[in-house]
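Hello,

The structure we spoke about is below, and my notes on it follow. Please read them with the model open.

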Amino acid sequence: MLELCNINKAYAEGRKVLTNLTYTLKAGEYVAIMGDSGVGKSTLLNLIAGLDTPDSGEVRINGVAISALDDDAATQLRREQFGFVFQAFHVLPHLTLRQNIALPLLLNEASLDRVEQMLAEVGLHDRGHHFPRQLSGGELQRVAIARALVHRPKLVLADEPTGNLDPDTAREILQLMRKEIKSNGATGILVTHSHAAAATADIVLNLTKDGLHPARSELS
Amino acid sequence: MLSGKSMSQYYFFPFVRLTVLSFCLFTATAFAESSEFMPVVPDYKLTFPRDYGAHQDFRIEWWYVTGWLETEDKKPLGFQVTFFRYATGHNQDNPSRFAAKYLIIAHLALSDPAVGKLMHIERTAREGFNLAYAKEGNTDVRLNDWTFVREEDGHYQVDMQANDFGLQLSLTPTQMIMLQDQNGFSRKGPKSEQASYYYSEPHLSVTGTVFRHNKPVTVSGRAWLDHEWSTAYLDSDADGWDWVGANLDDGSALMAFQIRHKNGGKVWAYAALRDASGNISFFNPEQVEFTPTRTWRSPHTDAIYPVAMHIRTGETEWQLMPLLDDQELDSRQSAGAVYWEGAVTLTRDNKPAGRGYLELTGYFKPLAL
Amino acid sequence: MNSISLFRWLLFGEWRAHMVQLIVVLIAIAVGVAMGFSIHLINTAAFNEFSAASKSLSGQSDLQVRGRKAFFGESLYPMLAGHEGVALANPVLELDVVALGKQQNRNDHKLKIIGIDMFRAAEISPDLLGLPEEGKTLDRLASDTIFLSPAAMEWLQVKQGDSLPLQVGLQTVTLRVAGGLVRARAGQRLAAMDIGAAQWRFQQLGLLSRIELKLKDGVNHAAFKARLTEELGESYWVSETTDQETRIANMSRAYRVNLNMLALVALFTGTFLVFSTQALSVIRRRQQFALLRVLGFTRQQLLRQIITEGVILGVIGSMLGLMLGYAVAAMAIQFLGGDLGSMFFPGVKPSIYFNPLAALTFFWVGLSVTMLGSLVPAFEAVRARPALALRSGSEELAMAKLSAPWFAVICLSFALLFTQLPPIFELPIFGYLAIALLLIGGIALMPRFAGWVFSALFVKLHHRIGAVFTLVLTRLANAPNQAAIALGGILASFSLMVAMAIMVTSFRISVDGWLERVLPADLYVRVTATGDQGGFQPDEQKVISELPHFDRVDFFRTQPLTLEADRPEITLIARPIDQTDPRNTLPMTDDMIAPALLSEGIMPVWVSEAMVDLYGYRVGEKVTLPIGATSSEFLVAGVWRDYGRQFGAVQMQLADYQALTGDSSVNTLALWLQPGITLEEAIANLRQLPFGAALEISRSSDMRALSLEIFDRSFAVTYILEIVAVVIGLLGVAASFSAQTLARAKEFGMLRHIGVMRWQILAILAAEGSLLTTLGVMLGFGLGWGISLILVFIVNPQSFHWTMQLHLPWGWLMVIAAVMLVSATLTALLAGRQAVSGHVIRAVREDW
């Protein structure tokens, strides 16, 4: 479903982050990517999302080279097939939860029917009219998860989604995310530092200078 | 800046008496109109009291009183009071009551050795509205609240007060009037039309009050009155003018003047000496001689004045000594002239003889810048 | 940690990061201060020069005696000169004489000639003594000479020795330019000559304009004035120099105050911009401040940080403003003249005088406003609980506190109350306060209003709109405070513009209609009155009325009349008036008594609105006016509208006037053509009269056009001020949009992540901009309409004493609205274009 072919990427100042990275992700897989700080996890996510272009190599989504698309096409692709969960939640403060979750549907001009369902699924069914400032961090991330999946994306990218949360809440959120990704049949990429978080994924990959490699399984 | 030298050729006679005029710059064009005035002629007979009064038909006329006063504590003071009537020669056909046909100009100066310099003030007004006039028939001149009046009995009343000084004097004649030169026809130059009508009243007995800084001081003394009127003008070669009028202690009266030539020497001179009994000796130009004996440089204008003067009239030698040196009058701001007019004491053949006033004009030279 | 260097890091860091906003704030402060300061400078310069010029004419006198009419008999002069206590009486005859060849220049054709007795004037007004050619001192007393100020020489194109033809009635008097008035003020057109000569040559024998008195030392001025006033009776005015100054000040006061008010209004718009920019900048950094608090900044430290930042901005901006204001004033005076082209201070060439106190005042205003903009949100930021403030979205809460609705309601209520209050010192102070409060209240109410409108809109539309509009509307509805701040500038400037447009249009239409009423004839023929004489004597009147071309000829006798010493003269107009219905002759208001009620026994007068305001004349009352040898009683029969003479005018029957005064001369003739005669023929015929060359002939159409042209010119400066206000408003839009774009970087970044196109972000910005502007324009229209009501029905009647009807310039308003909408949208777009730049995407990773 997602193919990374010979990706090379250097920062503007010349430091190489990704070298000859090649990996293929199958549809429905949920992978966690771990790695040291500065190794290029966020860069990799940006490349996958089409928000950045590789110096060489290709990112293919269902066979389409995303790095070859122009901004509008890439945006269109993101809109339809991607879902995002951020460390800092990024929920629009002046939109209600319902409106926040409805955003991707609106962008895709789809029916808003699924909003209430998603609200219920993330456990906020009676709070759709609330504003984000009335919510706790965990609750905000539930909203973000609902928003990331409401339009049934093919690929969900989560960047340290529990970085701002306490361990109990983090566990809840990771379970919820996994459940939602699986129940929506999406492919998921979870970038995290946390082994506990990574453990909720099907496969754990380590990003190093040499590329992406399956980590030694550390099942507890 | 007006220089005595360049102006003098245009002056009417006598210099000083005209330099106090605000309109001292009479040009040739101004004289073109002089035909409308009467000429001064030798055979005119002065008649009184009519000739005490003003003479509208002549261009210029003045009453000029100078004298020595003494305060109650025997301090000497000199004073000078002048009223001019001047016909502008303009506006004869203007029906406005404001039309400036005649001007009245008055001048008051006080020499007080205690002050060390001359105090003076001058005023000008157009005749009209009974605020300023010189009446015919008898001496009656007014300039706002300044008045100079001859009463029926021959007394003169002077009332002139300014902000910080002034005087109220009563002048009583003690002698006959003195007709100058040829029965009051007084020549001023080699040409016969260079002349004026001129009489004097010497030995006027003065009583009254002098105000200094608004404080009245009772005074008494002796004064000399000149009344002169004329139309014609002075010789163009004239450079300046020295004049003296003195009441002598023996009751005689001396008047002498010379008109100096630009090249030195004199254009004209005249003197008359009347003794107490009324006998007058006249002196012709050759018999009159002015010789400076001491000069004083004015710190105000740098002009050099012969403030001490030796005068010879015929066989008689007179020496004039000033009451104070600084009796210079600088009226450039208004009148445009600078001259010296001061109280002097006289000796006759080296013996004290009397007191009088000396007038020195044409000595101011513009400062070299 | 060194607190100074920490302070500097924070400050410079902030400024480096937001250079554009920093510059915008500085510009806003500078422009606001500059506007106020430059108008103040121009006004003061013009007024001081005008007043100094007037004062140089009246000299250093202690008292002045004038007649109620412009001229009085000279017999008073010797009486005063000899009066006890008077040191010097200086008679003056002042005349405005038409310079030949300048007649057609209606507003600028007269030369002021002062007739003096130089010996007396020398002690009171020595500046009026001419400087003759050397050796021609007597020229000062001559009957054929005149001395001109340098400006007058330049204007008349003459020099010393030239002949100067002047028009007196229907004759020409030629005088010789004998010299200059070297001490006249720059630009002052002035002539002096001998008083006797002036009386004679200008046919004013026996007349004087005034007598100036110098009192003797120690005389009590007030007591002497009172005694003399009583002695002279009611035909004369005794005034002190200060009365004179009051009178001059009164003449232009309304104009000056109104201009100053406009400047203040502009400053107010600027103020709002400064406030909002500064407030936004503080609010945007709420989270940063919260962090600083968390890290251990005390409240005081934080407050000091924010305040110092405001002070530095305020000082720099205000200094820039003072410099800019000075430069603008200097240029305006250079190119437009001291009255900004309105001819309010004629013949004056002012130079700017830098008054440190005024500069300091404007400096303070600029600084305080900036401070206020920092302080209010700073206090809020300091008081906020850091943990809460760290959360994004809390800005809106902070701003909600700044716009409590009760505040707006109080402002609006007071505004309403103030419209009901009378003027203070004859100035519409409360009217202006009401305008300010209306604006403040309107702006303060804006967030509520915006929230309400956009919510309603969203509820109505949300099924039918896409993502972009959902985003736009929800944001506008749910975050109305941020929106409203952007809107404040637009609202203020647009409502002012609307108000001015309505006022000026109402005024212009009223004036146009009025001109039609007051200029009914085809031709008007004038001979400028010189002194006390109307130009046309009965013989000439007869000649003209017997000309064959005219259906009807009306005669007018106009002259100035002083009713109160410290007020400018009123105008007395004697003319035939249709007594059965004065509306046929005069532009009457509704305030008049039925003609049938006029009794035979008392002469009627019709007074202008200013007479009602200034002198308290009421219809039906009897008033005493000094017309003729003694004062007579008149009945106020009606009030008419007069846009020409703000100091008051009285009209009466010509027959009554002639019976009272015996003055049979007139100044102006109104001529109605017979059918079939063209204007050109009629004018040619008039010109062929023996005195034809001296006539000033005007077509009523030309006069109307000229009047309107002058009208437009005097409002030119208000247009300029309006434009500046709009630019400031747009600057405000730019500032707040760019600030918000930065603040919303993460929002836009997230939107871009989840698939919002670049153009959609721009569309969001444009839609927000235009929706806000539309709302601002609508609300601004309402506010502006309210303000225009205050201007038309309160400010104008109270300051100029004339009323007008309200007219709305719909077309013009629509155009302004459209221009405003487009420019605000574009501004929002331009300011927000960073929102689509690459770093926005990365902003999702910033935590602040």
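Is B:Asp302 buried or exposed? B:Asp302 is exposed, because 12 other C-beta atoms lie within 10 Å. Here a residue counts as buried if 20 or more other C-beta atoms lie within 10 Å of its own, as exposed if 12 or fewer do, and as partly exposed in between, with C-beta atoms placed from the backbone.

Some conventions come next. The model is predicted, so local features need pLDDT of at least 70 and side-chain atom pairs count only at pLDDT 80 or more, while totals for chains, interfaces and linings use all residues. Residues are numbered from 1 along each chain as its sequence is written, and chains are lettered from A and ligands numbered from 1 in the order in which they are written.

Chain B

A contact means that the C-beta atoms of two residues, placed from the backbone, lie within 7 Å.

Most residues other than glycine have a negative phi, and most peptide bonds are trans.

- B:Asp302 is not a glycine but has a positive phi of about 70°; B:Asp302 sits in the loop between β18 (288–297) and β19 (304–313) of chain B.
- B:His203 also has a positive phi, near 55°. B:His203 belongs to strand β12 (residues 195–212) of chain B and is buried, with 24 other C-beta atoms within 10 Å.
- The peptide bond between B:Phe48 and B:Pro49 is cis, with omega about 10°. B:Pro49 lies in the loop between α3 (28–32) and β1 (60–71) of chain B.

Helices (H or I, at least four residues) and strands (E, at least two) are DSSP runs, numbered from the N terminus.

Chain C has 26 helices and 22 strands. Of its 848 residues, 51% count as buried.

The contact between chains C and B takes 22 residues from chain C and 21 residues from chain B. On the chain C side, α6(C) gives the most, with 5 residues. By class, that side has 11 nonpolar, 6 polar and 5 charged residues. Ala, Val, Leu, Ile, Met, Phe, Trp, Tyr, Cys and Pro count as nonpolar, Asp, Glu, Lys and Arg as charged, and the others, Gly among them, as polar.

The contact between chains C and A takes 25 residues from chain C and 26 residues from chain A. On the chain C side, α13 (394–402), α16 (467–478) and α23 (745–753) each supply at least two residues, and α16(C) gives the most, with 5 residues. The classes on that side are 8 nonpolar, 9 polar and 8 charged.

Chain A

Helix α2 (residues 71–81) of chain A has buried residues including A:Ala74, A:Leu77 and A:Arg78. The buried residues of α2(A) pack against elements of chain A, among them α1 (41–49) and β4 (56–61), and against α23 of chain C.

Four strands of chain A form an open antiparallel sheet in the order β2-β1-β4-β5. Strands pair if DSSP finds at least two bridges between them.

Regards
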